[in-house]
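Before reading on, please take a moment to look over the sequence and the 3D structure. The paragraphs that follow go through a few places in turn.

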Amino acid sequence: VETGTGGLLVVSRAWGGGLRKVAYSENGGESWGPVNDHPELTSPNCQNGLTRYSHEDDAVLGGRGRILFSSPTTGSRTNGIIKMSYDDGKTWPVEKYVGDGAFAYSVLCPVKPGVAGVLYEVNGRPIRHIRFAPFSISWLTGGEDDGLSK
């Protein structure tokens, strides 16, 4: 995902669980800084979702940079969580559970001003489903941020 300074942030799983790995690039991905565990991002052995919801220079979305992250919270790929960072992924002060139950491979996207969505795999047996769950930034932050203002 693009950072507020025009760099890049990558977040990836760690095989076998533990903490997610993060790295930053300041030159369009030609080279990367050190790869480190992130203490706020757990890593079940499953793909995570990562997207930028807003940039600091976007007046429609309040002129505030926001990055969204999604992942299951357990190794059994259940109990999905959405997190939000205001500082290019250095910290993740906002988090909310999407719900109990199956939650696997996920992808996030902005839907419209104030609303984002998560598409994720629901691992049912014998049938697997894909579910799309839209959510407001206000819901995610308990009303402290509407995704439209500072």
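**Strands, a patch and a loop**

In strand 2, the residue that Val-11 has as its bridge partner is Val-22. The model is predicted, with local features needing pLDDT of at least 70 and side-chain atom pairs counting only at pLDDT 80 or more, while totals for chains, interfaces and linings use all residues. Residues are numbered from 1 along each chain as its sequence is written, and side-chain values use heavy atoms, with hydrogens and water left out.

Strands here are DSSP runs of E with at least two residues, numbered from the N terminus, and two strands pair if DSSP finds at least two bridges between them. Strand 1 (residues 8-12) and strand 2 (residues 19-25) run antiparallel and are joined by five bridges. Strand 1 has Leu-9 and Val-11 on its covered face, whereas Leu-8, Val-10 and Ser-12 make up the uncovered one. In a regular strand the side chains alternate between the two faces of the sheet.

Strand 8 (residues 106-112) and strand 9 (residues 115-122) also run antiparallel, and six bridges join them. Val-107 has Leu-119 in strand 9 as its bridge partner. The hairpin of these strands has two residues between them, and Gly-114 takes a positive phi near 90 degrees there.

Strand 8 and strand 10 (129-136) each supply at least two residues of the patch. Phe-132 is placed in strand 10 and counts as partly exposed because its relative accessibility is 42%, which lies between the limits for buried (under 20%) and exposed (over 50%), found with a 1.4 Å probe and protein chains only.

Is Ser-54, by comparison, buried or exposed? Ser-54, which lies in strand 4 (residues 49-54), is buried, because its relative accessible area is 2%. The side chains of Ser-54 and Arg-66 make a polar contact at 2.9 Å, a term for N or O atoms within 3.5 Å, where within protein one must be able to donate a hydrogen and the other to accept it, and residues adjacent in sequence count only if both atoms are side-chain atoms.

Val-60, in the loop between strand 4 and strand 5 (66-72), counts as exposed because its relative accessibility is 57%. Leaving aside neighbours within four places in sequence, Val-60 is in contact (heavy atoms within 4.5 Å) with Pro-113 and Leu-148.

Technical notes: Helix = DSSP H or I, 4+ residues; strand = E, 2+ residues; numbered from the N terminus.
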